[in-house]
Structure formats: structure tokens, C-alpha cells
Amino acid sequence: MMAMSRLHQYANPMRFARLSKSLLPWVGALTILLLGIGLYWGLVASPADYQQKDSVRIMYIHVPAAWMTLFVYVNMAIASAVGLIWRHPLADIAAKSCAPIGAGFTLIALVTGALWGQPMWGTWWEWGDARLVSVLVMFFLYLGYMALWQAYDEPTKASRAAAILALVGVVNVPIIHFSVEWWNTLHQTASVLKIGGPSIDASMLWPLLIMALGFTAYFVVLLLWRMRAEILARRIHVLMMQKASA
Amino acid sequence: MVESVQYIAPSAISGATPGIAVAALSCDRGGRRVFSGIEVTLSPGDALVLRGPNGSGKSSLLRVLGGYIRPAEGVLRWNGEDVWDDIGQYQACVHYVGHLDGVKPVLTVRENLTMWSALMGDAMDPDDALKHFGLGNLADLPAKYLSAGQRRRLNLARLGASQRPLWLLDEPSVSLDATSVTQLEELVASHRRTGGIVIVATHNDLQIDHATEIDMGEIDMGTLGDAT
Amino acid sequence: MMAFWQIVRRDLLLARRQGASSLLGVAFFVIVVSLFPFAVGPDAIILASIGAGIIWVAALLATLLSLDRLFQADFEDGSLDILVLTRQPIAMLVLAKTLAHWLTTALPLIIASPLLAMFMALPVDVFATLVISLAVGTPALSLIGAVGAALTVGMRRGGVLMSLLVLPLYIPVLIFGVGAMGAAMMGQDASSALMLLGAISLFALVLAPIGAAAALRLALE
């Protein structure tokens with residue numbers, strides 16, 4: 001009971017607007033710091049792979065982006081569940097704001113995957129890479145989620161429909177990943193190089209982790225921004241309606 | 001699966017007032033407040049008539065009362081219990097007649113009726129109910145040949161068989177001739193005599209005796225849209 | 001349980017009275033598969049190597065196409081309003097309607113599948129695996145599709161949106177369905193893929209009706 005009322009304190013959009021405003025510069029600075037260190041370490045200071053040469057450095061973007069794809073989706077599903085169960089407007093807004101960010105990370109993972117694949121395999125797209133294929137499916141899931149939001153005029157209805165879809169999606173994500181892995185081993189061609197396999201060296205792991213943290217901080221920045229924008233958009237919507245009926 | 005639902009018993013045990021009680025009910029549609037502050041209590045045998053122009057929220061109120069829409073604010077109680085604690089249990093007490101007739105054109109008139117009464121758990125003689133609304137000689141005709149008025153009568157014939165205590169009727173007299181309107185009024189009266197509750201939205205002169213009235217047009221929302 | 005079977009019976013009766021419309025799915029299934037020999041040439045070896053995949057994709061699309069109407073007709077004529085009042089959880093209503101739908105659309109596909117296996121020059125000894133894999137996998141397609149159908153019921157261009165929502169979720173079913181066929185084609189044991197397929201169907205049987213019920217409640221607001 002106490003926890004719920006505490007939660008509702010932060011649910012107030014005005015309070016959120018104030019809180020996020022004071023939070024944004026700090027998270028923003030953290031993002032720049034982490035991404036700066038990560039990029040320098042990954043792209044300049046870390047050793048080149050003996051086999052993949054410098055093209056291995058794409059991994060420092062690609063792998064964290066692929067992780068974020070999943071991370072953002074899980075966040076979206078959690079926000080959806082909170083919005084659906086406790087009818088929490090801020091949670092709905094958070095879920096809605098997650099989707100384009102997640103889709104953006106997905107796109108980054110896909111593009112960097114293709115760029116990495118070209119010198120390695122000589123093709124822009126390699127179905128043999130299970131992670132790349134899973135990320136592609138995640139991209140479709142994000143597209144569907146955003147399309148469902150678009151299809152409703154009424155935000156309260158849209159948020160509930162989208163929340164149901166996000167929960168159905170998040171239950172399916174592990175099944176999809178497992179099935180893609182299974183399918184991949186079934187059709188294993190020659191020796192496919194995996195980006196960031198288990199045999200990764202510590203000199204590569206550290207910049208990778210810092211990049212992952214940087215991406216997470218960047219996600220928080222974007223999320224707060226989008227939520228603020230969404231709250232303002234809804235306020236404008238209400239004002240317009242008041243004007244129309246005045 | 002619960003096959004027989006006892007309508008009055010739970011309240012008799014708990015001692016709560018049987019019937020429907022509505023407090024400070026309000027409803028939002030499309031970001032607009034359609035109505036608010038609805039207060040009404042109906043006991044077995046009571047009737048409520050909702051009046052007001054199109055778009056005044058009559059249909060929305062009926063859908064809130066039917067448990068289709070969760071109210072934005074306020075409480076809806078049935079036999080003293082908040083219906084949203086177990087919406088399925090409540091909806092098993094409701095008979096709803098909306099703007100659409102739920103008539104399947106490929107089934108015959110009798111099949112349409114027996115199908116619904118089987119699903120709703122009504123015990124009835126379909127031919128009796130059809131005769132009441134003058135559809136007796138059409139019983140074996142596929143429903144696709146029915147006129148709008150006949151389809152409405154077929155829809156209302158389900159009422160004749162209904163054993164549910166709460167009737168929600170949204171403009172039931174639309175496209176009915178004078179005779180059928182009288183038959184509908186008789187049906188409503190006899191339902192009330194046996195302890196039923198009827199809530200009806202109408203802007204025609206449906207004759208319902210001793211009914212509470214709410215004029216939805218007089219509830220000032222500041223904004224009135226076509227949000228039904 | 002009475003109301004459950006009454007809804008199944010009602011939907012079967014409606015499907016039978018509407019006649020041809022429930023066979024459209026089979027016609028679609030057959031025509032789509034028949035297009036592939038025209039597209040890739042009549043070479044029996046090529047056809048056999050892609051045949052199982054083609055048949056599965058076609059079955060998936062045929063199911064999806066017909067699921068569009070799962071709740072739509074009842075929504076449009078007001079029946080859905082009354083169906084939710086019938087003294088049973090909406091999840092059971094979803095399950096009953098999905099079962100009736102599976103019987104009228106997916107079952108004919110399964111029966112027609114050996115014919116298409118012949119078209120695609122598949123060896124006769126994998127016909128049984130094809131039928132079994134479809135029988136085990138199509139319930140998952142119908143159930144997952146029911147969630148998409150419930151989410152898009154009442155929308156003007158719901159069908160296209162529904163495909164976008166549902167197709168990515170169909171991928172595991174497709175993988176294991178075709179995986180079972182691949183094993184059978186190589187003379188191996190297909191049972192592990194079939195079991196995974198069955199697991200997805202069972203999983204969908206438990207969860208999909210709940211999701212679809214929540215979506216239907218929303219649609220009726």
C-alpha cells in the first residue's frame with residue numbers, strides 16, 4: 001500500500017516533468033562520458049583482431065546495439081504491464097516512448113551487422129548469423145507495436161491494445177530466439193565467424209561493456225526526452241479539444 | 001463452469017440491497033468526458049428512462065451499466081457488490097439490446113432465437129416469443145429476408161425468453177411499428193412485475209410507467225460531442 | 001462447458017450455411033503452392049527441396065487470411081456484445097470460436113496437404129510427417145492469430161495490420177514445422193521438432209485466449 005502511493009507520487013506528470021528536467025543533464029553528461037571513453041577505447045586503443053583486422057571494431061557498436069534491442073523491449077513490456085494492471089498513464093507513455101528508440105537500436109544493429117558482414121563474408125546479409133536474424137525479427141515486432149499505436153485514435157485504448165501486444169511479444173521473444181538458434185544449427189554452413197563470440201579477450205571486453213553502459217545511458221536520455229515530448233503533445237491535444245468545444 | 005447463476009441469493013445472504021446502485025459515475029470517450037456525476041438506485045421492479053439528444057451519452061451510459069466500459073470515476077454496484085470485482089458474474093445478470101440486432105442472416109428466424117436463448121441459458125418456448133412479436137409465421141424463413149423492423153422484433157423476442165434480471169435497452173423502439181411498441185411496453189411491464197429492472201434509452205415516446213428519468217442533455221459536461 | 005460447445009456448434013453451423021466461404025482458404029492454399037512450379041521451374045529436385053517450406057508458408061498465410069474474420073462478423077452485427085454476456089469467461093469464448101475456426105479452415109488445409117506434397121514432388125514417405133506437423137502446428141497458428149484478430153477487430157484496414165502483428169510471432173512455428181519436414185526428408189527422426197511444435201501449440205493454448213480476451217474487452221468499449 002505504501003509502495004503504491006509512493007509510486008503514484010512519481011506518476012504525476014507535473015512531478016515527472018520537474019524530475020526529468022533535473023535528471024536529464026546528469027544522464028546526458030554520463031552518456032557523453034561513457035560513449036566517449038568506449039568509442040576511443042574500442043575504435044583506437046584496443047588491439048585489432050588478428051583474423052578480422054580493424055573491421056572487428058564495428059562490434060563495439062553492433063553488439064551493444066543488439067543487446068539494447070532486447071533490453072528496450074523488456075523495458076517496454078514491463079512498462080506495458082504496469083500501465084495495463086495499475087492503469088498508470090505515465091507507464092503507458094513510457095511504453096510508447098520505448099518503441100521508436102528500440103526500433104532505432106535495432107536498425108543500428110542491422111546496419112552495422114551488414115557493414116561488418118560485407119568484408120567478412122562478402123555479402124551484406126548473412127542468414128547464418130543467428131543474432132542478426134533475431135534482431136531482424138525484433139525489428140518486425142517493434143514495427144507491429146508502433147503500427148498498432150498508430151491505428152487507434154484514442155490514446156487510452158491504444159495504450160491498452162499496444163500493452164497486450166507487447167506482453168504477447170515479450171513472452172514470444174525467448175521462443176523466437178531459441179527457434180532461430182535451433183534453425184541456425186540445423187543449417188550451419190561452413191565456419192561462420194560470430195561477432196563477439198565466447199572467446200573474447202579482456203582487452204575487447206572492457207570497451208564493449210563501457211559501450212553497453214553508454215548505450216543504456218543514451219536510452220535513458222532518449223526515453224526521458226520522448227516522454228516529456230509525449231506529455232506535452234497530449235497537453236496540446238487537450239487544449240485543442242477545449243478550444244474546439246469552447 | 002457455472003451453469004446456473006443465482007441472482008438474488010448473494011445479496012440475501014450478505015443482507016445488501018438487491019438491485020443496481022450507481023454513485024458519481026462518469027465516463028470518458030476519446031479523451032472527452034461524456035457524462036459525470038450520475039447517481040441512481042434501482043430496486044427490483046424499478047425502471048429508468050434515459051432521455052436526451054443524440055450524442056448526450058445515453059449509449060455510453062448503457063454500455064457502462066452493461067459492464068462493457070469501465071467508468072472513469074464512480075462505482076457501479078449490483079446487489080451491493082462492485083461489479084468490477086467480478087465483471088463476468090455481473091454480466092451474466094444482464095440482457096443488453098444495442099443498436100445492432102445480432103441477427104445471423106443465414107440462420108432461420110427460429111434458429112436465431114433458439115441459438116441465443118441456448119447460449120444465454122434461457123428456458124423458453126421460441127414459438128411463443130416469436131408469436132408475441134408477430135413473427136410466428138416467419139419462423140422458418142432465413143433471417144436475411146427480414147426487414148429492419150422484423151429484425152428488431154426478432155432481437156426483442158429474445159427479451160421475451162430472457163430470465164436475466166437487468167435489461168439494458170438502447171433505443172429499442174427504433175424501426176418498430178405502433179403494435180410492436182405496445183408489445184414491447186407490455187414485455188417491459190411484465191418483466192418489472194416479476195422483479196426485473198429495466199433501463200431504457202429512448203427519444204421516442206415509449207410508455208414506461210412510474211420510471212425514474214434522467215435527461216442526459218441536461219448534464220452539463222462543458223463539452224458535448226458525438227461521443228456515443 | 002455447455003456454453004463452450006454451444007458456441008462451437010453455432011460457429012460450425014454458421015460456417016456450413018455460409019458454405020463456400022470456408023473453402024476459400026483451401027483454394028488459396030492450393031493456388032499459392034501451385035504458383036511455385038511456375039516461378040522456379042518444373043525441376044522435381046528443386047521443387048522437392050523447397051516444397052516443405054512452400055507448403056508451410058502457404059498454410060501459414062491461408063490461416064492468417066481467414067483469421068481476419070474470426071471476430072469481425074460477430075463484432076459488426078452486434079453478436080459479440082451479447083456473446084460476452086453468456087455466463088462464461090471471455091477466454092473460453094475465444095477458445096470456442098478458435099476451435100470452430102480451426103475445424104473449418106485449418107483441418108481442410110491439413111487434408112489437402114498430401115495433394116500439394118505431390119505437386120511439389122515430395123517423396124511419399126514424408127507425407128505422414130507433413131500431415132502430422134501441420135496438425136500439431138496449425139493450432140498455434142490459429143491461437144496466436146486469434147490475439148491479432150482480437151486486437152484489430154473493428155478496424156477498417158485491420159487485415160494488413162494483423163499480418164504485421166502476427167507474422168513475426170509465427171516464425172518459431174514455421175521453423176519447427178519445416179524442421180520436422182527436413183528431418184523426415186533426410187530419413188531422420190522428426191519427433192524432436194514435432195515435440196517443440198506441440199509445445200508451442202500447448203503454450204499458445206494456455207496464453208493466447210487470455211490475451212485475446214483482454215483485446216476483445218477493449219474492442220467492445
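This briefing walks through the confidence, the chain contacts and a few local features of the complex shown above. The model is predicted, so local features need pLDDT of at least 70 and side-chain atom pairs count only at pLDDT 80 or more, while totals for chains, interfaces and linings use all residues. Residues are numbered from 1 along each chain as its sequence is written, chains are lettered from A and ligands numbered from 1 in the order in which they are written, and side-chain values use heavy atoms, with hydrogens and water left out. The predictor gives the complex an ipTM of 0.90 and a pTM of 0.88.

**Confidence**

- Chain A has a mean pLDDT of 84 (pLDDT is the predictor's confidence in each residue, from 0 to 100), and 87% of its residues reach 70 or more.
- Within chain A, helix α1 (residues 2-11) has the lowest confidence, at a mean of 45, and helix α3 (residues 59-86) the highest, at 93; helices (H or I, at least four residues) and strands (E, at least two) are DSSP runs numbered from the N terminus.
- The pLDDT stays below 50 over residues 1-10 of chain A, a stretch with eight contacts in the model beyond near neighbours in sequence (contact means heavy atoms within 4.5 Å).
- Where pLDDT is low, the predicted coordinates should not be read in detail.
- Chain C has a mean pLDDT of 92, with 99% of its residues at 70 or more.
- Within chain C, confidence runs from a mean of 89 in helix α1 (residues 2-18), the lowest, to 96 in helix α7 (residues 127-152), the highest.

**Where chain B meets chain C**

- Chain B brings 34 residues to this contact and chain C brings 30 residues.
- About 2800 Å² is buried between chain B and chain C, with 57% of that from carbon and sulfur atoms; buried area is the accessible area (1.4 Å probe) that two parts lose on being put together, summed over both.
- Four salt bridges are counted between chain B and chain C (a side-chain nitrogen of Lys or Arg within 4 Å of a carboxyl oxygen of Asp or Glu).
- Arg17(C) and Glu111(B) form a salt bridge through their side chains, at 2.7 Å from N to O.
- On the side of chain B that touches chain C, the elements giving two or more residues are α3 (87-91), β6 (94-97) and α4 (109-120) of chain B.
- Of these, α4(B) gives the most, with six residues.

**Where chain A meets chain B**

- Here the contact takes four residues from chain A and seven residues from chain B.
- Chain A and chain B bury about 500 Å² between them, and carbon and sulfur atoms account for 50% of it.
- Glu154(A), Met241(A) and Ser245(A) supply 73% of the area that chain A buries against chain B, more than any other three residues.

**Inside chains B and C**

- Chain B holds seven helices and nine strands.
- Of the 228 residues in chain B, 53% are buried (under 20% relative accessible area, with exposed over 50% and partly exposed in between; 1.4 Å probe, protein chains only).
- For contacts in chain B between residues at least 6 apart in sequence, 72% join residues at least 24 apart.
- Leu207(C) sits in helix α9 (residues 191-219) of chain C, and counts as partly exposed because its relative accessibility is 35%.
- From Leu207(C) to Ala190(C) is 17 residues in sequence and 26 Å in space, C-alpha to C-alpha.
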